[in-house]
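Open the model in your viewer and keep the selection tool at hand. Each stop below says what to pick and what is there.

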Protein chains: 2
Amino acid sequence: MEETNRTPVWIMRQAGRYLPQYRAIREKYDFLTMCKTPELAAQVTIQPIDLIEVDAAIIFSDILVIPEAMGMHFEMHEGKGPMFHNPIRTREDVKQLKRIDPMKDLVFVMDAISLSKKELNGRVPLIGFSGSPWTLLTYIVEGSGSKNFATVKRMVYDNPALAHEILNKLTEAVADYLSAQIESGVNAIQIFDTWGGILSPGDFEEFSLQYITKIISLIKKKNEPIILFAKGVNYNPLKLASIGADVIGLDWTIEIGKVRNILEGKTALQGNMDPTILYANKERIKKEVIKILKSYGNGGGHIFNLGHGILPDVDPDNAKAMVNFVKKESLFYHKKESSIKGIINV
Amino acid sequence: MEETNRTPVWIMRQAGRYLPQYRAIREKYDFLTMCKTPELAAQVTIQPIDLIEVDAAIIFSDILVIPEAMGMHFEMHEGKGPMFHNPIRTREDVKQLKRIDPMKDLVFVMDAISLSKKELNGRVPLIGFSGSPWTLLTYIVEGSGSKNFATVKRMVYDNPALAHEILNKLTEAVADYLSAQIESGVNAIQIFDTWGGILSPGDFEEFSLQYITKIISLIKKKNEPIILFAKGVNYNPLKLASIGADVIGLDWTIEIGKVRNILEGKTALQGNMDPTILYANKERIKKEVIKILKSYGNGGGHIFNLGHGILPDVDPDNAKAMVNFVKKESLFYHKKESSIKGIINV
């Protein structure tokens with residue numbers, strides 16, 4: 001996103017169930033069919049640009065297309081999440097995982113990117129994404145949604161060599177996949193480490209961050225900005241900011257201004273409104289938008305977003321109101337800087 | 001817990017399903033019957049003292065006995081958690097909540113405390129506990145387990161006055177309940193704010209911390225040590241340490257030594273091993289115990305514990321091994337201090 005006189009804004013999961021226009025399509029096709037049909041994926045990718053007026057599109061897809069392309073089968077159950085037929089538990093199971101050729105095995109994502117780019121026609125940038133190797137590992141080892149992540153953590157603690165073997169394979173696949181997305185035209189990349197926060201700090205570095213670092217070093221040469229969102233990992237922003245990402249995404253459990261102070265401009269920041277604030281009335285939403293803009297303070301380097309995906313039962317009107325509050329209220333924090341600069345220059 | 005030449009250790013949920021001796025009783029009685037029968041509650045309270053050799057007992061009970069005593073009905077479903085018949089959603093619903101007299105309405109807890117104290121016969125201290133008002137609010141508003149806490153957060157953002165009205169009632173009940181536990185003989189109190197971490201920092205202060213502060217000021221005069229465990233609230237330990245608690249409990253997502261440095265002795269610390277480490281082999285468990293002891297460093301002020309409750313499918317042998325590693329390995333960090341002191345004094 002370019003320098004503007006206001007804070008840019010988009011919403012994680014903005015192409016999703018809270019939009020009636022999305023649900024109308026979803027009624028006719030199941031979730032994975034939508035991911036795999038470029039025309040449908042592009043259509044729902046564009047929806048929030050027109051309907052919610054966000055400043056960026058993010059390609060409609062699912063992080064689990066990678067393990068599927070590697071040879072694993074799963075079904076998506078509404079409200080329950082994914083169910084893998086043969087989760088990975090042993091060294092024998094690892095043989096399921098083949099090396100992917102994203103331009104072939106995930107060509108539907110690349111086609112959806114090309115189509116979306118064409119239909120966006122330069123209106124806003126398009127963001128590509130992937131889950132982190134660690135987050136993908138939790139799904140393919142647990143096999144389904146989990147409360148305590150007992151199975152994957154048992155593997156990590158009891159057989160770390162096996163965990164690393166799988167993480168290496170996933171890292172290769174994620175790097176290839178993101179490179180292909182960039183070649184297909186995305187303008188930025190977001191890496192989601194949704195489950196990094198369930199690890200202790202040392203284990204996070206060993207089982208998640210080192211692999212994200214490797215991916216970033218592999219795709220960085222392509223020069224597209226990289227956003228790293230490691231949910232629940234707020235305890236060491238300096239570490240997150242040291243591995244080459246251009247933007248660090250924050251969940252809502254930390255003050256964005258505090259992180260800005262710690263990072264001293266090392267990276268830009270994205271976030272971080274509590275997604276449930278969108279259940280409130282518009283006045284409360286406005287108050288919260290201003291609170292976050294004020295916490296970040298004057299000047300650029302902030303992409304407004306929620307601190308996690310938008311919830312499926314949010315009123316789209318509230319999402320649109322949030323976007324418009326950001327657009328309007330953030331002018332103040334950009335103007336102020338220039339006016340101060342103006343005064344100093346006089 | 002008194003000054004010792006080693007680090008004391010107990011385990012959250014140590015009286016629980018991972019013990020075959022607990023399950024043997026649980027097979028005959030349902031969970032709430034166990035809570036409400038002082039002989040059974042005392043029996044399972046004592047079990048881990050003999051079996052796992054922890055340094056403290058914690059009274060076997062459930063945080064939801066308070067809303068039940070206030071007039072709400074719920075059932076406990078194994079693996080699914082509690083289900084309230086009439087969750088609180090409106091101002092009208094609040095009328096359900098009557099003021100409690102803990103010595104009458106929760107006399108079974110007080111009797112379990114007296115019985116446990118008698119049977120412990122001074123071997124180890126007995127800890128009493130309660131959920132925080134905010135954590136209790138999440139259960140009585142949601143009515144059952146929740147992923148996004150959409151209902152309670154909708155109340156907080158859309159009708160904060162109603163939320164505060166209920167929180168005030170819960171605060172009064174929790175303070176009365178904890179005072180009664182102290183009068184009945186517990187030697188320390190732990191306040192569990194299991195769901196404080198789902199709030200943004202400002203909302204945590206408004207909807208959780210201010211009520212915990214009030215409770216502590218009300219029970220503090222009784223002079224029993226107070227442990228505050230606010231899971232997922234690691235971002236501002238100084239704030240947590242400023243409201244009168246003697247010990248701050250930490251989950252496993254932060255380095256305990258880092259928090260010790262920030263707090264500079266303002267409170268003692270409890271924690272903070274990842275509960276899933278108990279799935280690993282004993283060597284790995286020992287390594288992790290040492291890592292945490294080393295992170296905390298020399299001297300007293302540390303109560304070893306997990307960073308959350310012990311998981312029901314852990315091998316009790318591993319729990320016992322952890323306890324023994326703490327007892328043995330922590331000697332080093334206490335000796336070292338005295339020997340350094342010895343050298344300085346020479």
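## Stop 1: chain A as a whole

Select chain A. Among its contacts with a separation of 6 or more, 73% link residues 24 or more positions apart. Two residues are in contact if their C-beta atoms, placed from the backbone, lie within 7 Å.

A word on the model and its labels. This is a predicted model, where local features need pLDDT of at least 70, side-chain atom pairs count only at pLDDT 80 or more, and totals for chains, interfaces and linings use all residues. Residues are numbered from 1 along each chain as its sequence is written, while chains are lettered from A and ligands numbered from 1 in the order in which they are written.

Stay on chain A. Its C-alpha atoms fill a box of roughly 70 × 45 × 35 Å along the principal axes. The radius of gyration of chain A is 20 Å, which agrees with the value near 20 Å for a compact globule of 346 residues. That radius is taken over C-alpha atoms, and the globule rule is 2.2 Å times the number of residues to the power 0.38. Of the 346 residues, 50% count as buried. Buried means 20 or more other C-beta atoms within 10 Å of the residue's own, exposed means 12 or fewer, and partly exposed lies in between; C-beta atoms are placed from the backbone.

Chain A has 14 helices and nine strands. Helices (H or I, at least four residues) and strands (E, at least two) are DSSP runs, numbered from the N terminus.

## Stop 2: the sheet of chain A

Colour the strands of chain A. In what order do the seven strands of the open sheet run? The order is E1-E4-E5-E6-E7-E8-E9, with parallel pairing. Two strands pair if DSSP finds at least two bridges between them. At the edges are E1 (57-58) and E9 (302-306) of chain A, each pairing on one side only.

E1(A) pairs with E4 (residues 126-131) of chain A in the parallel sense, over two bridges. Pick Ala57(A): its bridge partner in E4(A) is Leu126(A).

Move to strand E8 (residues 268-273) of chain A, which holds Asn272(A). The peptide bond from Gly271(A) to Asn272(A) is cis, with omega near -5 degrees. Chain B has a cis peptide bond between Gly271(B) and Asn272(B), with omega about -10 degrees.

## Stop 3: two loop residues

Select Asn121(A), in the loop between helix H6 (107-120) and E4 of chain A. Its phi is positive, about 50 degrees, although Asn121(A) is not a glycine. Is Asn121(A) buried or exposed? It is exposed, with 7 other C-beta atoms within 10 Å.

Next, select Glu264(A), in the loop between helix H12 (256-263) and E8 of chain A. Phi of Glu264(A) is positive too, near 45 degrees, in a residue other than glycine. Glu264(A) counts as exposed, with 8 C-beta neighbours inside 10 Å.

## Stop 4: across to chain B

Show both chains. 25 residues of chain A are in contact with 25 residues of chain B. Helix H8 (residues 150-158) of chain A gives the most to its side, with five residues. The chain A side divides into 10 nonpolar, eight polar and seven charged residues. Here Ala, Val, Leu, Ile, Met, Phe, Trp, Tyr, Cys and Pro count as nonpolar, Asp, Glu, Lys and Arg as charged, and the others, Gly among them, as polar.

## Stop 5: helix H6 of chain B

Finish on H6(B). Its buried residues include Val109(B), Ile113(B) and Leu115(B). Glu119(B) is also in this helix (residues 107-120), but counts as partly exposed because it has 16 C-beta neighbours inside 10 Å. Not counting residues up to four places away in sequence, Glu119(B) touches Ala42(B) and Ile46(B).
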